[in-house]
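Please look through the sequence and the model below before reading on. The text then goes from the whole chain to some of its parts.

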Amino acid sequence: FAALLAAAGVLLSPVFSFPLGVSRAFPLQHMINMKQPDLRKRIRITITKRTEDRNVMSIIIENEYEGEINIPYEKIAHEVIEAAIDYVDCPYECEVNLMLTNNETIHAINKEQREIDRPTDVLSFPMAEYEEPADFSKIEEDPMAFDPESGEFLLGDIVISMDKVWEQAENYGHSREREYAFLIAHSMLHLFGYDHMEEEERKDM
């Protein structure tokens, strides 16, 4: 995480947190119907190629959080996601969906998808199946792995509770920017097939 966040220009503190909820059930677009978001707050961010070795990527942010987000959440999101894509040497142009919500909505999703009856900080919904983390050798065998119009590799969906971002930043004694960036970085590794269910997996991640 330190290398990934440093690549994104996020100032680190010595305190790290690891609470995370993970599911591979199904994509975010099927879940947001549980609570209709205000689509007027929907923001599409497209990062264009800046150098020959930099992938194009699309980040679709669904902001349904009703409170004030007083951090540059768009900028942090695309910097961390871009750094994660580069970190694992993903050979494809990618699409990532990021939903910003509150404890109530993430609680409902967590209960529905994981049968865990409490809010969590972040949920990850990878679209691809990997034989090994960040192994892209067989991705093209899955016809559903790519958007038929854009050709982008559909990495999956991230759901973040901004209530938890504020709470955990205070509890762990670091900035809100750092906590938000950490959750995105952690979730991106899940989208690339990393996990932490076993001790060795946790160390790798």
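What follows is a short walk through this model, from the overall layout to single residues.

The model is predicted, so local features need pLDDT of at least 70 and side-chain atom pairs count only at pLDDT 80 or more, while totals for chains, interfaces and linings use all residues. Residues are numbered from 1 along each chain as its sequence is written, and side-chain values use heavy atoms, with hydrogens and water left out.

The chain has seven helices and six strands. Helices (H or I, at least four residues) and strands (E, at least two) are DSSP runs, numbered from the N terminus. Along the sequence their order is α-β-α-β-β-α-β-α-β-β-α-α-α. Of the 205 residues in the chain, 52% are buried; buried means under 20% relative accessible area, exposed over 50%, and partly exposed in between (1.4 Å probe, protein chains only). Among contacts in the chain with a separation of 6 or more, 74% join residues 24 or more positions apart, where contact means heavy atoms within 4.5 Å.

Strand 3 covers residues 57–63, and seven of its seven residues are buried, so this strand is largely enclosed by the rest of the structure. Met57, Ile59, Ile61 and Asn63 point one way from strand 3, and Ser58, Ile60 and Glu62 point the other way. Strand 3 pairs with strand 4 (residues 94–101) in the parallel sense over seven bridges; two strands pair if DSSP finds at least two bridges between them. Asn63 has Leu100 in strand 4 as its bridge partner.

Next come two helices. Helix 5 (residues 162–172) packs against helix 6 (residues 176–191) at an angle of about 120°, with the axes 8 Å apart. That makes helix 5 oblique to helix 6. Angles under 35 degrees count as roughly parallel, over 145 as roughly antiparallel, 65 to 115 as roughly perpendicular and the rest as oblique. The axes are lines fitted to C-alpha atoms, for helices over the stretch in contact, and angles run from 0 to 180 degrees between N-to-C directions. Residues of helix 5, including Trp166 and Tyr172, meet residues of helix 6, including Arg176 and Leu183.

Two loop residues remain. Most residues other than glycine have a negative phi. Asp89 has a positive phi, near 55°, and lies in the loop between helix 3 (73–87) and strand 4. Ala134 also has a positive phi, near 60°, and lies in the loop between strand 5 (122–126) and strand 6 (153–161). Asp89 is exposed, with a relative accessible area of 62%, whereas Ala134 is buried, at 17%.
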